[in-house]
Amino acid sequence: MKIDHAKNKILIIDFGSQVTKLIARRIRDFGVYSEIVGPKELIKKNALQNVTGLIFSGGPSTVTRKKFPKIPKEIFTLNIPILGICYGLQLITKVFGGQIKSNTKKREYGRTQIKKRKNSTITENFYIKKKNEVWMSHQDSITQIPKNFFTLASSSNSKFAIIENKNQNIFGIQFHPEVSHTNRGSILLKNFVFKICKTKKNWKTSNYKKKIIENFKKINNKGKIICALSGGVDSSVTALAINKVFKKNLVCVMVDTGLMRKNEFEDIYNLFKKRYKINIKLVNHSSLFLNKLKNVSDPEKKRKIIGKLFIKIFEKESRKIKGIEYLAQGTLYPDVIESKSATGSHTSKIKSHHNVGGLPKKMKLKLIEPLRDLFKDEVRRLGISLGLKNEIVYRHPFPGPGLAIRILGKITPRKIKILQEADYIFINELKKNNLYSKIWQAYAALLPVKTVGVMGDTRTYEYTCLLRAVTSTDGMTADYFSFPKKFIDNISNKIINNVIGINRVVYDITSKPPSTIELE
Ligand code: XMP
């Protein structure tokens, strides 16, 4: 099911930059629909329909080599304004006959000052006293700009930090206006989108809600729709959106793995069943999961066992429901973009992620993915407009394998119980102290070490609880959260006094990288 949203949109051509998604995020924040495509997709029929402007992203390639990702030349003759960022700028320079050099001595990484050289629509209101601080990340530099291009700004290492070809409405920026380290970077993008491309605002999550509901209605709705509900934001919003239109056809399956947090399974079930009146099939397989995980301590093995078992159970349970035709999944736009990377390169695998989205490919069901055009914060807004409780909308992320990867080493029912209690206290204290919403993700973990303690004159030999709390925007990088001293002083006592089995609490002060957010 493909939704056609936009009468006018900005198309971003992805050349493999780590921050391409941020360009799309910024533009959607302006109220304009933007989409990311690979350079090869530009030759597809109707690829440029309703496109008011093109942005070429940065990327790891270099135009100084024989082979580099290109763009069909006709694109430059269509009168659609173009903005090239970093690699995008270098590609434009190459196409129009300028010179680029790979120069390790002149590379620029990090914050840099640029100075204004010439006025232009794209830089209106961008400078502060003819200067600005921007974020550079490049090794190749332009040594000569093409004919009919002019320099708008320079830095000490980049003579051509911003260039323009006014007649053809083509612009190039060496730094990254999309990242927050570039001061007022959004102004450059706004000027391009509105003043140069004359794009109209047309993107609101509430429009999107209407669109998905209209689109659902077009579906032949005789068949049943199955959805794995975990209580995470994505699956919850997916289920609620579908429930608005196809109440009778939707069956949500909740698989109890026994690896959820304290009361979590029951709470989610009650909320969705009673408040949202969703048809839910509840299946408890916690002893099966525990059995399969017995004596397993390797993190990757744990992840694989849980992932495989989940699919097996989900398939088995779905087969018991008659007349299923569709599978609803909470796939988000970042997952869609990832699967069509410009360079086709694979990033190195750090962990095998388990996710209910994308699981049962073998089931041969038609897919419904109502969130596939949305970023996470847009999904949250959609959730609110569908009446989803704030408590669910703003929940911290929780990994598919659940507590299994937060009990380091072997998993036992006792350890699950201990961890559930400790985590419950930690999260409740965060909420009570108004800290929960300031933190991107927080949890307690149980370390596989016992240490000696003394409680009431008696020696104890019990487990160590590790607390983790991080700030982040997307989980790709993270910083540990700096707790007020009072909170950190009290939390250890609260946990130790209330949880039998723990006699020591430690706080993880590592950022990501070098660590990851989860421990396994
Ligand atoms: P890491 O540990 O890789 O985690 O820094 C980044 C984010 O991903 C979450 N995470 C998962 N989410 N299935 C998920 O749906 C998984 O298997 C999984 N493993 C980690 C993690 O909680 C953090 O938010």
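Me: What makes strand S10 (residues 162-165) and strand S11 (residues 170-173) a pair?

Reply: 4 bridges join S10 to S11, and the two run antiparallel. Two strands pair if DSSP finds at least two bridges between them, so S10 and S11 qualify. Within this pairing, Glu164 stands opposite Phe171 in S11. This is a predicted model: local features need pLDDT of at least 70, side-chain atom pairs count only at pLDDT 80 or more, and totals for chains, interfaces and linings use all residues. Residues are numbered from 1 along each chain as its sequence is written, and side-chain values use heavy atoms, leaving out hydrogens and water.

Me: Which sheet holds S10 and S11, and what is its strand order?

Reply: An open sheet of 9 strands, in the order S2-S1-S3-S4-S11-S10-S9-S6-S7. Its pairing is mixed. Strands are DSSP runs of E, at least two residues, and helices are runs of H or I, at least four, numbered from the N terminus.

Me: Why are strand S2 (33-37) and strand S7 (131-138) placed at the edges?

Reply: Each has a single partner strand, so one side of S2 and one side of S7 have no neighbour in the sheet. Neighbouring strands here are turned by 25° against each other on average, direction ignored. Angles run from 0 to 180 degrees between N-to-C directions, and axes are lines fitted to C-alpha atoms, for helices over the stretch in contact.

Me: Which helices pack on this sheet?

Reply: Helix H1 (residues 20-29) touches S1, S2, S3 and S4, and its direction makes about 165° with that of S2. Helix H3 (residues 185-196) touches S1, S3, S4 and S11, and its direction makes about 165° with that of S4. Contact means heavy atoms within 4.5 Å.

Me: Why is strand S18 (residues 458-471) described as largely enclosed?

Reply: 10 of its 14 residues are buried, so the rest of the structure largely encloses S18. Buried means under 20% relative accessible area, exposed over 50%, partly exposed in between (1.4 Å probe, protein chains only).

Me: Which strands pair with S18, and over how many bridges?

Reply: Strand S17 (residues 441-455) pairs with S18 in the antiparallel sense over 13 bridges. Ala442 stands opposite Ala469 there. Strand S20 (residues 502-507) runs parallel to S18, with 5 bridges. Thr464 has Arg504 as its bridge partner in S20. Strand S19 (residues 479-480) is antiparallel to S18, over 2 bridges. In S19, Asp479 is the bridge partner of Thr471.

Me: Which residue of the S17-S18 hairpin takes a positive phi?

Reply: Gly456, near 55°, in a hairpin with 2 residues between the strands.

Me: How do you know how many disulfides the structure has?

Reply: A search of the whole structure finds 0. A disulfide is a pair of cysteine sulfur atoms within 2.5 Å. For Cys227, the closest cysteine sulfur is in Cys252, 4.4 Å away, too far for a bond.

Me: What makes Leu229 buried or exposed, and where does it lie?

Reply: Its relative accessibility is 5%, so Leu229 is buried. Leu229 lies in the loop between strand S12 (224-228) and helix H5 (233-245). Leaving aside neighbours within four places in sequence, its contacts include Cys252, Met254, Phe272 and Ile280.

Me: What makes the crossing of helix H7 (residues 286-293) and helix H8 (residues 299-319) left-handed or right-handed?

Reply: The crossing is right-handed. That term applies if the near helix is turned clockwise from the far one by less than a right angle, and left-handed if anticlockwise. H7 and H8 pack at about 145°, with their axes 10 Å apart. Leu288, Phe289, Lys292 and Leu293 of H7 meet residues of H8, among them Lys302, Ile305 and Phe310.

Me: Why is helix H2 (residues 87-95) called mostly covered?

Reply: 7 of its 9 residues are buried. Among them are Tyr87, Leu89, Leu91 and Ile92. Gly97 follows H2, with a positive phi near 90°.
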